[in-house]
Amino acid sequence: MKRGILFLLLTTFWGVFVEAGNNKEVPVSNLRVPAYPLVTIDPYISAWSHTDKLYEDEVRHWTGTEHSLTGVLRVDGKCYRFMGKGEQALTSILKDARDEEWTAKYTNTMPYADWYTKEYNDTEWQEGAGAFGSADMPHVKTEWNQGDIWIRRKFSIEDKNISKKRLYLVYSHDDVFELYLNGQMLVSTGYKWRNYVVQPLDAEQVKSLTAEDNLIAAHCHNTKGGAYVDFGLFTDDEMESFFGTEAEQIKVSVLPTQTYYSFYCGPVQLDLKFTSPLVLNDLDLLSSPVNYISYEVRSLDKRAHDVQIYFSATPRWAVNSLDQEVSVENYRSSDIHILKTGTLEQNVLGKSGDIICIDWGYFYLAGNLSESSDMSVGTPRSIQESFAGKGILPDTKISRTSVRLDKEEILLAYSENLGNVRERKSEGYLMIGYDDIASVQYFGKNLKAYWKKKYPTMEAALADARKNYKKNMQRCDEWDYKVMKDAVEAGGQQYAELCAASYRQAISAHKLVCGPAGELFFFSKENNSNGSIGTVDVTYPSCPIFIRYNTEIMKAMLDFIFDYSESGRWKKPFAAHDVGTYPLANGQTYQGDMPVEETGNMLIMTTAIAIADGNADYAAKHWEILTAWSNYLAEVGMDPENQLCTEDFAGHLAHNANLSAKAIMAIAGYGRLAEMLNKPEEAKKFTEMAKRMVIEWERRADDGDHYRLAFDMPGTWSQKYNFVWDKVLGLDILPDRIMKKEVAFYLKNQNKYGLPLDNRFTWGKTDDTVWSATMADSEGDFQELIRPIWKYVNETPSRVPLGDWYETLNADYINFRARSVVGGVFMKSLDYYLRNKRK
């Protein structure tokens, strides 16, 4: 039984292990995650390895944009690349809109069947500039956001040796997309949206290209929301590779705040650790703009080996497009050697939207000042050739320079001479940081990151991170141990591994800032969706991790929504959907409202805070608006009219049984809050109202062995995950038979990779399904529902930060990567914690 499991904290680099009942020691996480978190500070500084082996591809931002980090270990004069691809970026043959606008013929009227062939007559089509899409998307020159668009882009190729090169199609689309090259279909996506997908061309596709007459034809159908089409052709740069030999990766493991790798590099072993100090109950660490990369090297054959280690990054970390000019500085401060880069323009908070990268503020690569370490700025060839040949960086004498990255590549490099490595390990670390200057604009006022309260400059933050390196490492080790122990006790080994895979993603999709009056705000970014800031129905599914570990952070996710209504800026009788488009929180920008959804969310989360805190003081501060919202739900919540819920991708739905369940839980929550605040009349009124609503709900939703998707739709079903709060918060509004019936039905209707949301599609949602699984009475039933989710995460072919919306038949993620909603995986851990607290 899991409660008998003992945890051991071992002193090896691999940290935490679990000792099972048979005394067999196994690593905490055996899960192969879709993408491995490396540097995770906030929504803009979020870098991942999207492959099983750290050296199989470039390190990438969650959007897929290259945020290159290269790592090499030089052993007895031979270089072993353990991180990054070690190649220069792709060179454009046919530029996409990131580099320049491009022209093409297009139409919004369905053309004849052969529209994608070179012979088709497109003279009646319009001419426009790419990219094509809605105004909220990047690089759009021709606006289109409704229905369909067909595009024909003709081009010639000057390179006579093109047939001998490796070519790549790079494309972006939103939503349903197909693309043809000279009449051959290369892409057919179905209902998905992707940004800058890199797809190699095979020999036949390359062979179809001619010098003068080529055509890329594309069709995109937009279902709703943002629309986008952009594409181009690229080739590898031909450049001598100094780091062509790959290390042999032997281990990788993800814990909540740290990712561990181990490699064989010839006769030595390298252990590598990426640490994001996102400790939820320590605001200074949680807000830190600094991450660590730690390394240890030891001899495998007990012989001495001459070893040097190398890391490099590029200014791409600090730009949104390669045509932006950047400055690079090389300097020293407080016993730290620092390389700093950022755009010359510094248009602070000048962009908002979803699939964009930050282009204000500064990226930092920093290491200790010592005789054995060095940092340098230079061209890739000069830097790599010097390290490969001599084990040192070139003395370039560059203290400051500026470049445009589409014209010239430049590297920020670090190296350390680890000397003769024999039986004793050699170790060190470097730091990666980012200073965004200002983080969020809140109703016209620019707000700064929380860490700036303590540190006036980034140099001061780096100095503190250096001074407290060992202390911070220990703090993260202890925190990882605690979070994993909590999760194993609550839901078992596989469940704990899902929590570890979700932890950094859930937290780093937020930014911790100081509000106008010094209050704490924790703003989410709705990644890979629409870029909204502070979305209530993103906060709601993510909330279990924050309620479990720090209700002050949870309050900081609600305060700006309360302020929006209480200030009179939001005048509607229900809660807002968002407060803007990240990072501009100047008022809701989402085009539709979700009245029952968002109002119910705010009431439920406020109730959860009170129960976790053991008092309703926070609710008392907002009692007037909570009362207004509760009265609103009392009028409309039982049988919601045609509207969206958090699964807005599934469209509007009237009489939604799960949305009604949310309203019932919210009203019951308000009754509990009234009871905690010694308001007996209101407590009785709303608690009894919730109980009457449950009776009516069951009558309307009952469909034999399950409950309906919508009250007026017999023969349908859906997950009723909103009812989980009755169990988790101890509201005791539902009769036991409702959850028992639903869970029994779920067990009979899940697919290989999980339980669909409802009968309309085979789509799954990781957070929703964990909530539904948490409703189970027995441990066995919970595990039966969790195992397919673990299997999805472990086997998905989609190599992106954890996608919460996926296909339960084949484990392919549909959309929504790198979103904070995966914090909902912690619902079982929260349930276990609160139930024990009530005992």
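In the predicted model, Tyr264 is partly exposed, since its relative accessibility is 32%. The residue belongs to strand S22, which spans residues 258-265. Together with Ile250 and Leu300, Tyr264 forms a nonpolar patch on the surface, and the accessible area of these residues together is about 220 Å².

Because its relative accessible area is 14%, under the 20% limit, Tyr196 counts as buried. For His655, phi is about 60°, and the residue is found in the loop between helix H11 (623-636) and helix H12 (657-676). His655 is partly exposed, at 25% relative accessibility.

Cis peptide bonds occur at two positions described here. The bond from Asp174 to Asp175 is cis, with omega near 15°, and Asp175 is placed in the loop between strand S15 (167-174) and strand S16 (176-181). Tyr582 and Pro583 are likewise joined by a cis peptide bond, with omega of about 5°. Pro583 is located in the loop that runs between helix H8 (551-566) and strand S37 (584-585).

An open sheet is built from three strands in the order S38-S39-S40, and their pairing is antiparallel. Strand S38 (763-765) and strand S40 (813-815) form the edges, each pairing on one side only. From one strand to the next, the twist averages 40°. Helix H16 (residues 766-774) packs on this sheet, where it touches S38 and S39; the direction of the helix makes about 70° with that of S38. Two bridges connect strand S39 (residues 805-807) with S40 in the antiparallel sense, and Trp805 stands opposite Asn815 in S40.

The salt bridges of the model number 48. One of them joins the side chains of Asp122 and Arg152, with an N to O distance of 2.8 Å. Asp122 lies in the loop between strand S10 (102-107) and strand S11 (126-130), whereas Arg152 lies in strand S14 (residues 147-155), so this pair ties together parts that are 30 residues apart in sequence. Both partners are buried: Asp122 has a relative accessibility of 6%, and Arg152 has one of 2%.

Asp486 is buried at 10% relative accessibility, whereas Lys482, with a relative accessible area of 33%, is partly exposed.

The side chains of Glu742 and Lys720 also meet in a salt bridge, at 3.6 Å from N to O. This pair links distant parts of the chain, 22 residues apart: Glu742 is in helix H15 (residues 736-749), and Lys720 is in the loop between helix H13 (680-701) and helix H14 (724-728). Glu742 is buried, having a relative accessible area of 1%, and Lys720 is buried at 0% relative accessibility.

Definitions and conventions
Residues numbered from 1 in each chain as written. Predicted model: local features only at pLDDT ≥ 70, side-chain atom pairs only at ≥ 80, totals over all residues. Heavy atoms only, no water. Patch = residues over 30% accessible without salt bridge, like charges linked within 9 Å, V, L, I, M, F, W, Y side chains within 5 Å. Areas by Shrake-Rupley, 256 points an atom, 1.4 Å probe, with all protein chains shown as cover. Salt bridge = Lys/Arg side-chain N within 4 Å of Asp/Glu carboxyl O. Helix = DSSP H or I, 4+ residues; strand = E, 2+ residues; numbered from the N terminus. Buried < 20%, exposed > 50% of the residue type's maximum accessible area, 1.4 Å probe, protein only. Pairing = 2+ DSSP bridges. Axes fitted to C-alpha atoms, helices over the stretch in contact; angles between N-to-C directions. Contact = heavy atoms within 4.5 Å.
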